[in-house]
Amino acid sequence: MLESLESWSWALDGWIIAAGALCAAASALLGPYLVLRKMSMMGDAISHAVLPGIAIAFLVTESRASLPMFIGAAIVGLLTAIFTEWIRRFGKVDEGASMGVVFTGLFALGLVLVVQAADKVDLDPGCVLYGAIELTPLDTTTVLGYDVPRVVITLGAVALLNLTCVLLFYKELKITSFDPALATTLGISSRLMHYLLMTLVAITAVASFEAVGNILVVAMLIVPAAAAYMLTDRLSVMIFLSVIIGIASAALGHLSAIMVPAIFGFGSTITAGMMALSAGVLFVVAALCGPRHGIIIKLIQRRRFAAKCLGAPH
Amino acid sequence: MGVVLRRKRSLLKFPNQAHTNKTYRMKSVTRRSTIKLLSTLVVTAFALPIQAAPKKYPYSITTTVGMVNDIVQNVAGEKAKATAVMGAGVDPHLYKPTRDDVAAMIRADAVFYSGLMLEGKMADTLIKVGRSKPVFAVTELIDEKFLLEPEDMEGHADPHVWMDPSAWAKATQAVAQSLSKFDPGNAALYQKNSSDYAVKCLELHSYGKKVLATVPEESRVLISSHDAFNYFGRAFGLKVMGVQGLSTESEAGLKQINFLVDFIVENKVQAVFVESSVSSKNVKALIGGVKARGKDLKIGGELFSDAMGAAGTYEGTYLGMLDHNITLVARALGGEAPAKGHDGKLSHVK
């Protein structure tokens, strides 16, 4: 199993993990807010909703180059966030339902556009938008004399942007997540904070689609935050743990992508998928062993309580 | 290309394109030459500083799809070992490379890929790899007049060039030229290998023309899962129709299914075909539709479109794959072809 790591190379595997960790950190910074606001599926919603953006970008530019595809996807990503809030407000439905309405609607529009206007070329997000994290080390630019992958720079910038916003608006984001009504009476616009958060999610999601594909960011927006939710009741600790779990699953994911298939005698498998899977495993561990909400601790408490009620000797 | 130049485009039909339902425009020459020029620039840009011949023999070449791998290996002969990252039954439009594939590309002395967006977004990265080692897009090096372009989709040529063995023979020559640039010392050998291989391609081409000519004229229709057989149709004079568009992810429209069902019933088409790398769901929907109209339609068999057969078999080579397709189509549509194909090595065709 360890022999499979003999071909380990920092220039290759190091950068793949760095890209995964940055994507995970950027997403895991926002994840706790999404989980608390019951909007966890936003990343997935955006991954479906970008299709019309790609189709329109193709119709306008007649090209399948990365840049127009990215811009089209980014614009529709933002629109998804805006439409979701509109429908929630005017339609009086909860976030999940309004997200469902928006992304299925946009996805359907995208399919119609693709079939009607561009059926003769291969135009789907898997082909023209989603990058692959494994290709990270191949595409580098020189920064301060070092060859740094373009993806690492993009995702680093996104992670930095998210970190800055979370630090600057920590209080505002926190109060609007827990009690929007109170926030409004205190003079904090919960709508503005919602749009800020959704904009950050859209930027993170689309930048990650282009850099490392869709599965990683969809998973990292939800799973590390959900795992952190099992471990703590404080928002600041939750965000911190969420980022740590995200980064840990990135490293663990790439290692297992190399080592797990080697056990069965195969070559390495898809890294992004393994990173998402590792996050899932860490979630299970957190759900089992959490100090207050963990399944094991709950079980012990229930036993103790039952024993107490029955008056058995301690 | 930021500026899209508008110009008159001549509407020409391909000379031997007997009756395909789509009118293909010949490439707009200026546009194609811009692309050609650009790709030449790209090629020379990275070929020049790294023209150093391989340090040792056999040197290693990494390729994407099997069809490209096969011709590269045949042209390079014993001078190089070519390895494809995509195996049998893989859909190259949606393929995601693994870490080992990337490691192979980093280790390789040269990289060959098919091009024309067949590999999707991966091509972007391959072009970047070209800064540090020779990278060649095989179909983009072929003379533009051998390429097909769907109507009103200029600049987005159909990437499935290998379906026409005579065009793939040109690709073989492009590979020989690329290898000679990389390793000038063996240029003569590469040239000879490519000529030998091109002869085999052309033999297969004339075999295909011969056996498919035995199909009754009104039955010369090839209906399959997605639009991968336009070159095949052009090469052998078949009308080609796909249930879904070129993109393997797009859904078949109900209208298209109804249109095809009408067409099949009216023209008494006997067989439709499924593909090894695409789901057969849509073709089965066609069969259901035709049955509902009281006619019989059978699946003519599984064609190789975007990937070759299993490695180590005859169908796992480019020539075997095409032989399989030609023989299968000819026999299923009521033509006469030897069960074992052109080379007598086929095992799958009934």
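When I say helix today, I mean a DSSP run of H or I over at least four residues, and a strand is a run of E over at least two, both numbered from the N terminus. With that settled, take the loop between helix 4 (66-91) and helix 5 (95-117) of chain A, which is where A:Lys92 sits.

Chain A, then. Its mean pLDDT is 87, and 96% of the residues reach 70 or more. Within the chain, helix 6 (residues 125-128) of chain A has the lowest confidence, with a mean of 70, while helix 7 (residues 150-168) of chain A has the highest, at 94.

The secondary structure of chain A comes to 14 helices and 2 strands. Of the 314 residues, 50% count as buried. If you take the contacts in chain A with a separation of 6 or more, 74% of them join residues 24 or more positions apart.

Now the two strands. Strand 1 (residues 140-143) of chain A pairs with strand 2 (residues 146-149) of chain A in the antiparallel sense, over 4 bridges. For a specific position, A:Thr141 is opposite A:Val148 of strand 2. The two strands make a hairpin with 2 residues between them, and there A:Leu144 adopts a positive phi near 50°.

That brings me back to A:Lys92. This residue also has a positive phi, about 55°, and it is not a glycine. Is A:Lys92 buried or exposed? A:Lys92 has 9 of them, so it counts as exposed.

Chain B has a counterpart for discussion. B:Leu116 is not a glycine either, and its phi is positive at about 55°. It lies in the loop between strand 3 and helix 4 (122-129) of chain B.

One more backbone item in chain B: the peptide bond from B:Tyr57 to B:Pro58 is cis, and omega is near -10°. B:Pro58 belongs to the loop between helix 1 (29-47) and strand 1 of chain B.

Next, the sheet. Chain B has an open sheet of 4 strands in the order 2-1-3-4, with parallel pairing. At its edges are strand 2 (80-84) and strand 4 (135-137) of chain B, each of which pairs on one side only. Ignoring direction, neighbouring strands are turned by 20° against each other on average. Inside the sheet, strand 1 (residues 59-63) and strand 3 (residues 110-113) of chain B are paired in the parallel sense over 3 bridges. B:Thr62 has B:Val111 of strand 3 as its bridge partner. Helix 2 (residues 66-76) of chain B lies across strand 1, strand 2 and strand 3 of chain B, and its angle to strand 2 is about 175°.

Now the domains. The assignment for chain B gives domain 1 (29-208) and domain 2 (212-332). Between them, 28 residues of domain 1 are in contact with 27 residues of domain 2. Which elements supply the domain 1 side? Helix 2, helix 6 (165-182) and helix 7 (187-212) of chain B each give at least two residues to it. The largest share, 5 residues, comes from helix 7 of chain B.

Finally, confidence in chain B. The mean pLDDT is 80, and 81% of the residues reach 70 or more. Over residues 1-30 of chain B, pLDDT stays under 50, and the model has 43 contacts beyond four places in sequence for them. Over residues 40-51 of chain B, pLDDT also stays under 50, with 10 such contacts. Where pLDDT is low, the predicted coordinates should not be read in detail. That is all I have.

Definitions and conventions
Residues numbered from 1 in each chain as written. Chains lettered and ligands numbered in written order. Predicted model: local features only at pLDDT ≥ 70, side-chain atom pairs only at ≥ 80, totals over all residues. Pairing = 2+ DSSP bridges. pLDDT = per-residue confidence, 0-100. Contact = placed C-beta atoms within 7 Å. Axes fitted to C-alpha atoms, helices over the stretch in contact; angles between N-to-C directions. Buried ≥ 20, exposed ≤ 12 C-beta atoms within 10 Å, placed from the backbone. Domains from an automatic or database assignment.
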